[in-house]
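Student: I would like to learn how to read a model like this one. Where do we begin?

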Amino acid sequence: MLGAIINLFYPALCRVCSKKINEFDRNICDDCVKKIKERLPPFCVKCGRQLKGSPELITTCPDCKKDELYFDRAWSACCYDELLKDLIHDFKYKKITSLSTDFTALIIGFMKKYNVGKDAQMILSIPMHPNRLFKREINHADILARALGRKLGISYSRNTLKKTKDTPLQSKLKREARIKNLYSSFSLKDTSIVRNKNILLVDDLFTTGSTVNECSRLLKNSGAKYVEVITLARGDSA
Ligand SMILES: [Zn+2]
Ligand SMILES: [Zn+2]
């Protein structure tokens, strides 16, 4: 109610096209949301990579045939193209945290379509090492997971996963080095929390998948039953 009144006097403007938005809790107008490209099947049934072929195709991609993967399935909702890249940058570095509402709507739309997380009992997010959190001030994955948990009515266990080793930024490393860099860099506050649980693991981006895979390795080794990964975006347009 209060938000609606404030919006009457100080209308929200779309971050992309600067047009007025009627909903006070949104940052992107309907027309610009439509410009964000949804990822379309067929997806690799393991890592969620977009494959070429008929949408009904059920197969894994070549990478998943050679890598050891610990998550049961990974999904990414949108294509990581220029528009979304800018918005994610605003979210992470300009700290426009209210974008989580717009991002969550995109993720939930995708999840409903493909039945993602339908048996999830708990949401976890990719943690940040305290040193990096101190510098960045916000953990974007945490904000996204919290908003998602609230909307889906699934409990979000915020401090269960911890980053205990302060490793160099993944984006500066090659694939092999990424895997080595992350090895044993996460820990769990209490393994009993995840035992026999269906877990939905949340992050903003899926790049090589080594971060979510290392977290999944820890979760599975600690007795988690099923680990499904959902990210807002992935840059792998087929
Ligand atoms: Zn717009
Ligand atoms: Zn794959």
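Tutor: Begin with burial: a residue counts as buried under 20% relative accessible area, as exposed over 50%, and as partly exposed in between. Keep in mind that this is a predicted model.

Student: Is C29 buried or exposed?

Tutor: C29 is buried, because its relative accessible area is 5%. C17 has a relative accessible area of 33%, so C17 is partly exposed.

Student: Which protein donors does the zinc ion (ligand 1) have?

Tutor: A donor here is an N, O or S atom within 2.8 Å of the metal. For the zinc ion (ligand 1) these are the SG atoms of C14, C17, C29 and C32, lying 2.3 Å from the ion. Their spacing along the chain reads C-x2-C-x11-C-x2-C.

Student: Where do C17 and C29 sit in the chain?

Tutor: This pair links distant parts of the chain, 12 residues apart. C17 lies in the loop between strand 1 (12-13) and strand 2 (20-21). C29 lies in the loop between strand 2 and helix 2 (30-35).

Student: Why is the arrangement around the zinc ion (ligand 1) called tetrahedral?

Tutor: Check the angles. Four donors count as tetrahedral if all angles lie between 85 and 135 degrees. The 4 donor atoms around ligand 1 subtend 105 to 114 degrees, so the arrangement is tetrahedral.

Student: What coordinates the zinc ion (ligand 2)?

Tutor: C44, C47, C61 and C64 coordinate ligand 2 through their SG atoms, at 2.3 Å. The donor spacing is C-x2-C-x13-C-x2-C. Apply the angle test again: the 4 donor atoms subtend 104 to 116 degrees, which makes this arrangement tetrahedral.

Student: Are C61 and C64 buried or exposed?

Tutor: Both are buried.

Student: Now the whole chain. How many helices and strands does it have?

Tutor: The chain has 9 helices and 8 strands. Its radius of gyration is 18 Å, close to the 18 Å from the globule rule for 238 residues, so the chain is as compact as a globular protein of that length. The C-alpha trace spans about 55 × 45 × 35 Å along its principal axes.

Student: What share of the residues is buried?

Tutor: Of the 238 residues in the chain, 49% are buried. The accessible surface is about 12,600 Å², and carbon and sulfur atoms account for 53% of that surface.

Student: And how should I read the contacts?

Tutor: Look at separation in sequence. Take the contacts between residues at least 6 apart: 71% of them join residues at least 24 apart.

Technical notes. Residues are numbered from 1 along each chain as its sequence is written. Chains are lettered from A and ligands numbered from 1 in the order in which they are written. This is a predicted model: local features need pLDDT of at least 70, side-chain atom pairs count only at pLDDT 80 or more; totals for chains, interfaces and linings use all residues. Side-chain values use heavy atoms; hydrogens and water are left out. Donors are N, O and S atoms within 2.8 Å of the metal (3.2 Å for Na, K and Ca); water is not among the atoms, so sites may look incomplete. Four donors count as tetrahedral if all angles lie between 85 and 135 degrees; four count as square planar and six as octahedral if opposite donors are over 155 degrees apart and all others between 65 and 115; anything else is irregular. Helices (H or I, at least four residues) and strands (E, at least two) are DSSP runs, numbered from the N terminus. Buried means under 20% relative accessible area, exposed over 50%, partly exposed in between (1.4 Å probe, protein chains only). The radius of gyration is taken over C-alpha atoms; the globule rule is 2.2 Å times the number of residues to the power 0.38. Contact means heavy atoms within 4.5 Å. Accessible areas come from the Shrake-Rupley method with a 1.4 Å probe; for residues, only the protein chains shown count as cover.
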